[in-house]
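Here's a quick briefing for anyone meeting this structure for the first time. Have a look at the model below, then read on.

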Amino acid sequence: METDWSQLRARSLVEEDAAILALHKPSGISVTGERHDTDIVELAAAVGETLYPVHRIDKVTSGLILFAKELGAHGELTRQFNKQTADKAYLAVVAATGLPDTGVIDLPLSVGRKNRVRIAAPRERIQRAADRWFVDDADLLPAKHYPSLTHFATVLRAPAHTVLALRPITGRRHQIRVHLAWTGHPIVGDPLFDRSGTHERTYLHSWRLGLTASWRTPPHLTLTAEPDADFWRPIEESADAAILDRAAELLHTIR
């Protein structure tokens, strides 16, 4: 993993102005708070650049990550994530087939043993009605839980895998990864659920972000980071623009 900040910054740059820095983060490097490894905030700080993460994506996730360079912008942007008005879109390759054209995973999350995120109910109590996965309130475990909602659309069906476009309405830790795995559709290469080491990376990608940015004219921030070619390896497809065009079209059906 590249640890020279100037090179990583230049290679990963998506957009920058006086208030923000948006990067296309490679899979395998943390955003911040990594105890035993390097992270982006630490790399920047080591050469005198202060960055404030607006949101988080996991170390194993590639794609868009947005930082503020000053606290006024940080507050304005993070409030939109907290109020669930930020427009977020992800792509994932899952190790399953048979998913519907669109679906909603409405499953609260909780934290179990060893700080592991889980569905806040026994797996066997997860229900599916039409294209919605949910649990009854009576089946929730007696622990603190957090409402968690993910919308998805099926972009491409391959013989053993499916490409999804996803909108996480809430932004819980590991939300997409746990929602998909616990409904029987784990993300390819996700080390939370696959310890085989078969895959070189986790096939989850932070693709698009849309936010209000009052200091810009017009006052909008619309960001896109297209996946690198290796993202399509499980489905043996090239990074065909038609796949992303279809994903963009389908996003309008899962708002």
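The protein chain in this predicted model exposes about 12,500 Å², and carbon and sulfur atoms supply 48% of that area. As for what's tucked away, buried residues make up 50% of the 255 residues.

**Overall build**

- You'll find five helices and 14 strands in the protein chain.
- The radius of gyration is 18 Å, close to the 18 Å that the globule rule gives for 255 residues, so the chain is as compact as a globular protein of that length.

- Take the contacts between residues at least 6 apart in sequence: 65% of them join residues at least 24 apart.

**A closer look at D101**

- D101 sits in the loop between β5 (87–94) and β6 (102–106).
- With a relative accessible area of 51%, D101 counts as exposed, because the cut-off for that label is over 50%.
- Setting aside its neighbours within four places in sequence, D101 is in contact with F152, A153, T154 and R157.
- One of these partners, R157, also has a polar contact with D101: their side chains are joined at 3.1 Å.
- D101 and L164 are 63 residues apart in sequence, and in space they are 9.4 Å apart, C-alpha to C-alpha.

How values were computed
Residues numbered from 1 in each chain as written. Predicted model: local features only at pLDDT ≥ 70, side-chain atom pairs only at ≥ 80, totals over all residues. Heavy atoms only, no water. Helix = DSSP H or I, 4+ residues; strand = E, 2+ residues; numbered from the N terminus. Rg over C-alpha atoms; globule rule 2.2 N^0.38 Å. Buried < 20%, exposed > 50% of the residue type's maximum accessible area, 1.4 Å probe, protein only. Contact = heavy atoms within 4.5 Å. Areas by Shrake-Rupley, 256 points an atom, 1.4 Å probe, with all protein chains shown as cover. Polar contact = N/O pair within 3.5 Å; in protein donor to acceptor, adjacent residues only side chain to side chain.
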